[in-house]
Amino acid sequence: MPFIRVPDAAGKTLLLIEYGEEPFRGPPMTEEVMKDIHNIPIRDDDVILCSYPKTGCHWLWEMACMLRAGTTEAEEMEKVKYMMELMPQDALNKLPPKRVLNTHVFFRQLPQKVQDGKVKMLFIYRNPKDVAVSLYNHHNRFFVYEYQGEFADHFTELFLKGKTDYGDFFTYTRDWERVMDSRPDLPIFVLSYEELQADTFNKVKELAKFLGSSADEDTIRDIVDKCSFGSMQERKSKGKAKEWTDAHGKAIMFRKGKVGDWKNWFTVAQSEMMDQVIQKEMKGSRFEFQYTL
């Protein structure tokens, strides 16, 4: 496989995989199933969750699965087994009905049936300052990346220059925005991580309506409770569908889940640098980022 090592500002490297014409960069565990993502058979009852990494996709995916099942008592599932660019087609084909598939790729890379608007999609986004912090910690904690750098070096050389897996945050976000603006016919439920944090019950209630879920308000409250950060972290660290854990036995995918954690990492200069990039890259965007609650 075409592995590459991408250096940060201090020369510490991030291990990724690269292939394709664009080229595509992904985590070094994708193998080359990405080449076939456009040909994945899509079912009429599928839902596709799309997002840039570390924007709340695990949280939203878990709630969407429970809403589709209409209960919090369904068997625990692993999100990675429903990830389109990580799992081979035969594995995805064996998954039960009402799949909530998930991906971090661009719209143009999705199967044609999705691009034709034949299935429902979910899109979640998050303020880039918290994304930068969360992605840094993900790379540092998840051993497959073989990365042990400092935040400042990761931020300036990898995140801001779009050299991480799945590329540039702003390019990804604006590309999806262009799709939404040019294709109003597409069935896409759009929300921000911050909106979901601020008013979880009502946002999940809206999501239930979009999905055509049979879940009543009591069930939705149960789903919100079971998908709280603490509950998910515990379930994914110790449950049947055990996620990858760090040296302390905590699920790598669930670190803090807070809005505004960037304030504990960014210097004033780094925050101002990011503000300038956001102003340039997101000028005129429909997406308004929220940095605190």
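The model is predicted, with local features requiring pLDDT of at least 70 and side-chain atom pairs counted only at pLDDT 80 or more, whereas totals for chains, interfaces and linings use all residues. Residues are numbered from 1 along each chain as its sequence is written, and side-chain values use heavy atoms, without hydrogens and water.

The chain contains 11 helices and 7 strands, taken as DSSP runs numbered from the N terminus (helices, H or I, at least four residues; strands, E, at least two). With contact defined as heavy atoms within 4.5 Å, residues 24 or more positions apart account for 70% of the contacts with a separation of 6 or more.

The largest nonpolar core comprises 91 residues; such a core is a set of buried Ala, Val, Leu, Ile, Met, Phe, Trp, Tyr and Cys residues joined through side-chain atoms within 4.5 Å. Among the residues with the most contacts inside this core are Ile48, Phe123 and Trp176, and α1 gives the most to the core, with 9 residues. Beyond its neighbours within four places in sequence, Phe123 is in contact with Cys50, Tyr172, Trp176, Met180, Ile188, Phe189, Val190, Leu191 and Phe287. Cys50 is itself buried, with a relative accessible area of 0%.

Ile37 lies in the loop between β3 (24-26) and β4 (47-51) and is buried, at 2% relative accessibility. Leaving aside neighbours within four places in sequence, Ile37 is in contact with Met84, Glu85, Thr103, Val105, Gln109 and Pro111. The C-alpha atoms of Ile37 and Glu85 are 6.2 Å apart, although the two residues are 48 residues apart in sequence.

The second largest pocket has a volume of about 270 Å³. Of its 20 lining residues, Cys65, Ala69, Ala74, Glu75 and Met77 are the closest to its centre. On a 1 Å grid over the protein atoms alone, a pocket is an open set of points, where a 1.4 Å probe fits, with protein on both sides within 12 Å along at least five of seven lines; lining residues have an atom within 4 Å of a point. Helix α1 (residues 57-69) supplies the largest share of this lining, 6 residues.

Cys65 is buried at 9% relative accessibility. Its sulfur lies 9.0 Å from the closest cysteine sulfur, in Cys227, too far for a bond. The structure holds 0 disulfides, a disulfide being a pair of cysteine sulfur atoms within 2.5 Å.

Conventions:
Points joined across faces, edges and corners; volume = space filled by probe spheres on them. Buried < 20%, exposed > 50% of the residue type's maximum accessible area, 1.4 Å probe, protein only.
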